Amino acid sequence: MTEDELHGRVKELQNDSVELYSFVVENSSEELTDEEVDEKVEELKGDYLSLREFVINSFEE
């Protein structure tokens, strides 16, 4: 994935809460409750660098 593709994917996820929620559920390393997923989504939606790292880690696994 190129830097431009990564940036585009992160921006896409930041702008679509439903897609971000699904992405978090599919790519979390542990089983999360609905409440934990909601918290993670809110955390990532507001923090570009954390979301970028989460996306990168999801592609490495």
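This is a predicted model: local features need pLDDT of at least 70, side-chain atom pairs count only at pLDDT 80 or more; totals for chains, interfaces and linings use all residues.
Residues are numbered from 1 along each chain as its sequence is written, and side-chain values use heavy atoms, with hydrogens and water left out.

Helix α2 spans residues 17-27, and L20, F23 and V24 are buried within it (under 20% relative accessible area, with exposed meaning over 50%, for a 1.4 Å probe and protein chains only). These residues lie on the same side of α2 because they cover an arc of only 100° around the axis, taken from the directions from the helix axis to the C-beta atoms. V18 and E26 are exposed on the face turned away from the buried side. At the N-terminal end, α2 is capped by D16, a side-chain oxygen of which lies 3.2 Å from the backbone nitrogen of V18.

L20, F23 and V24 also belong to the largest nonpolar core, which has 12 residues. Such a core is a set of buried Ala, Val, Leu, Ile, Met, Phe, Trp, Tyr and Cys residues joined through side-chain atoms within 4.5 Å. Two or more core residues come from each of α1, α2, α3 and α4.

Conventions
Helices (H or I, at least four residues) and strands (E, at least two) are DSSP runs, numbered from the N terminus. A polar contact is a pair of N or O atoms within 3.5 Å; within protein, one must be able to donate a hydrogen and the other to accept it, and residues adjacent in sequence count only if both atoms are side-chain atoms.
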